[in-house]
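Please read it beside the sequence and the structure shown here.

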Amino acid sequence: MTWGHIASVKSMGTIILGIGNILLKDEGIGCHIVRALQEIPLPNVKVIDGGTFPDVFPEDADKLVVVDAAKGGGIPGEVYRFHLDDIALEQKPFLSLHDISLVDNLLLMRLLHNIGETIIIGVEPKEIGWGLELSSELQEKIPQIVETILAELSDSVSSKGEVKC
């Protein structure tokens with residue numbers, strides 16, 4: 001049985017958060033992807049360049065999609081998708097808020113805001129070193145990464161409109 005959209009449920013929208021350091025070549029992939037996404041009209045989606053300080057998070061969201069460089073041992077430009085809850089947390093003390101990791105930041109955001117599903121899109125870097133340009137391998141993968149994120153948004157839209165029993 002399929003139920004139509006329930007009008008009383010208010011959607012908070014989706015936030016795409018690109019993070020990274022654009023001064024370190026492929027480390028800045030999240031920021032480069034955000035720039036590409038800002039050229040596409042995305043209703044009910046807020047696209048944020050979080051730079052190297054992603055803990056400035058202004059609002060609630062039904063879904064949070066984080067885009068960042070991720071060393072997973074694959075080939076440069078390989079795209080990884082995982083949930084925040086899938087990441088093994090290493091318990092280590094930190095001395096100040098400047099020592100907080102991305103995972104800790106995202107968990108803190110979840111405590112401070114009403115955030116639904118959190119998806120991390122990681123991209124295998126080739127070069128992390130001084131420079132403003134992405135490696136050619138990552139530059140060529142930008143359209144594929146954007147398509148991956150758009151598919152993630154489509155999954156959100158298709159699952160919100162119906163309740164299946």
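Five bridges join strand β5 to strand β6 (residues 115-123), and the two run antiparallel; strands are DSSP runs of E of at least two residues, helices are runs of H or I of at least four, and both are numbered from the N terminus. The model is predicted: local features need pLDDT of at least 70, side-chain atom pairs count only at pLDDT 80 or more, and totals for chains, interfaces and linings use all residues. Residues are numbered from 1 along each chain as its sequence is written, and side-chain values use heavy atoms, with hydrogens and water left out.

**Sheet**
- In β6, G122 is the bridge partner of Y80.
- An open sheet of five strands has the order β3-β2-β4-β6-β5, with mixed pairing; strands pair if DSSP finds at least two bridges between them.
- Its edge strands, β3 (45-51) and β5 (79-83), each pair on one side only.
- On average, neighbouring strands of this sheet are turned by 20 degrees against each other, direction ignored; axes are lines fitted to C-alpha atoms, for helices over the stretch in contact, and angles run from 0 to 180 degrees between N-to-C directions.
- Helix α1 (residues 29-37) packs on the sheet and touches β2 (14-19), β3, β4 (61-69) and β6, where contact means heavy atoms within 4.5 Å.
- The direction of α1 makes about 135 degrees with that of β2.

**Whole chain**
- The chain has three helices and seven strands, which run β-β-α-β-β-β-α-β-α-β from the N terminus on.
- Of its 165 residues, 38% count as buried, that is, under 20% relative accessible area with a 1.4 Å probe, protein chains only.
- Of the contacts with a separation of 6 or more, 81% are between residues 24 or more positions apart.

**A lysine in β4**
- K63 lies in strand β4 and is buried, with a relative accessible area of 3%.
- Its side chain makes a polar contact with the side chain of E152 at 2.6 Å (a pair of N or O atoms within 3.5 Å; within protein, one must be able to donate a hydrogen and the other to accept it, and residues adjacent in sequence count only if both atoms are side-chain atoms).

**Nonpolar cores**
- The largest nonpolar core has 21 residues, and I16, I29, I33, L37, L42 and I149 have the most contacts inside it; such a core is a set of buried Ala, Val, Leu, Ile, Met, Phe, Trp, Tyr and Cys residues joined through side-chain atoms within 4.5 Å.
- α1, β4, β6 and α3 (136-160) give two or more residues to this core, and α3 gives the most, with seven.
- Another core, of twelve residues, lies apart from it and includes I19, V66, L106 and I120.

Definitions and conventions. Buried means under 20% relative accessible area, exposed over 50%, partly exposed in between (1.4 Å probe, protein chains only).
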